[in-house]
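Please read it beside the sequence and the structure shown here.

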Protein chains: 2
Amino acid sequence: MNRATGAVKGKRVVMVCGVPMDMANCPVRDVMDNIGGKWNSLMILSLADGPLRFSELRRLIPDISQRMLTQTLRDLQRDGYLSRTVYPTQPPSVEYALTELGRSFLVPLKLFVDWSLQNHDAIRKARAEYDAVA
Amino acid sequence: MNRATGAVKGKRVVMVCGVPMDMANCPVRDVMDNIGGKWNSLMILSLADGPLRFSELRRLIPDISQRMLTQTLRDLQRDGYLSRTVYPTQPPSVEYALTELGRSFLVPLKLFVDWSLQNHDAIRKARAEYDAVA
DNA sequence: TGCTGTGGTTACGGAAAGGGTACCGCCATG
DNA sequence: CATGGCGGTACCCTTTCCGTAACCACAGCA
């Protein structure tokens, strides 16, 4: 395999692990930007067990502000991770649920969560050692 | 399972998927901050096939600035994902390699990359539909 | 007559991330 | 002598993220 920079139709393409990565339109970075926000992945995990209403989410995650809750839900809805259903009750209730896409994302997300829990101590240790030397 | 907010020793703890999440010291968010940067995960992937030197990485990822390359490598080294070895040649050459921790992270990372590649079209489609309605 | 809950939107501002440019010492090459 | 590669550092700027606070309509309840 040639691990060098390639040029395909004028695009900047990087070969990584044998897979061409289009830097100008990178799917991985696109997804990472979506779920890399402060609350996005936690929101998906919170909805893993079933739909929840706006105020239920607010009580479930007390640290999030109303503004960020709205924005996070909008972003995830926009990218297709979850659906928003309004029930015309009085007062109107809004239910958020994972879509098929959102549920499929739980697989890599949970693996990532497990890795984080297992290796967090090692990371903190490495960080402390690095800071001690510097 | 009780999906409610709990209070353990004054810490803010959220139950999610049956796992208690300490919001003030969350391992997942800590790891996410590390590898959620613009270049961090690409850097780890670039080193998956073997060690590379500073200038090799610069040529491999042409879009990164020298400043960001240095900063990304420092961050990943600090958290223990990669090692930095200086060879006293003339001029001195510096080699970056994944540590055991870094290699173990390739497992969830590659799953995430695969998911992104598979579902990027669905996300773009959902986004376009959302924007069309709004 | 206020107060609470539901589901938000908007304005404002600080902090952090990201990036451009210039510059450094050292050495080899032309 | 000048240029280029190596592996960075310092300074400054722009953009994005995120939080606080205020405000909205509507209904129920005291």
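Asp30(A) forms a salt bridge with Arg127(B), with the closest N and O atoms 3.3 Å apart, a salt bridge being a side-chain nitrogen of Lys or Arg within 4 Å of a carboxyl oxygen of Asp or Glu. Asp30(A) lies in helix H1 of chain A and Arg127(B) in helix H5 of chain B, so the pair joins two chains. The model is a predicted one, in which local features need pLDDT of at least 70 and side-chain atom pairs count only at pLDDT 80 or more, whereas totals for chains, interfaces and linings use all residues. Residues are numbered from 1 along each chain as its sequence is written, chains are lettered from A and ligands numbered from 1 in the order in which they are written, and side-chain values use heavy atoms, with hydrogens and water left out.

**The interface**

A search of the whole structure finds 10 salt bridges over all chains, and across the interface of chain A and chain B the rule finds six. The two interface pairs described in this report are set out below.

| Residue in chain A | Residue in chain B | Closest N and O atoms |
|---|---|---|
| Asp30(A) | Arg127(B) | 3.3 Å |
| Asp131(A) | Arg78(B) | 2.5 Å |

The contact, which means heavy atoms within 4.5 Å, takes 64 residues from chain A and 65 residues from chain B. The area buried between the two chains is about 5800 Å², of which carbon and sulfur atoms give 66%; this is the accessible area (1.4 Å probe) that two parts lose on being put together, summed over both.

**Helix packing between the chains**

Helix H4 (residues 66–78) of chain A packs against helix H5 (residues 100–133) of chain B at an angle of about 115 degrees, with their axes 8 Å apart. Axes are lines fitted to C-alpha atoms, for helices over the stretch in contact, and angles run from 0 to 180 degrees between N-to-C directions. Helices (H or I, at least four residues) and strands (E, at least two) are DSSP runs, numbered from the N terminus. Arg74(A), Gln77(A) and Arg78(A) in H4(A) meet Ala126(B), Arg127(B), Tyr130(B) and Asp131(B) in H5(B), and by class this contact has two nonpolar, one polar and four charged residues.

**The sheets**

In chain A, an open sheet of three strands has the order E4-E6-E5, with antiparallel pairing, two strands being paired if DSSP finds at least two bridges between them. Strand E4 (52–53) and strand E5 (82–87) of chain A stand at the edges, each with a single partner strand, so one side of each is left without a neighbour in the sheet. E4(A) and strand E6 (residues 93–98) of chain A pair over two bridges, and the bridge partner of Arg53(A) in E6(A) is Glu95(A). H4(A) packs on this sheet, touching E5 and E6 of chain A.

Note on methods: Nonpolar A, V, L, I, M, F, W, Y, C, P; charged D, E, K, R; others polar.
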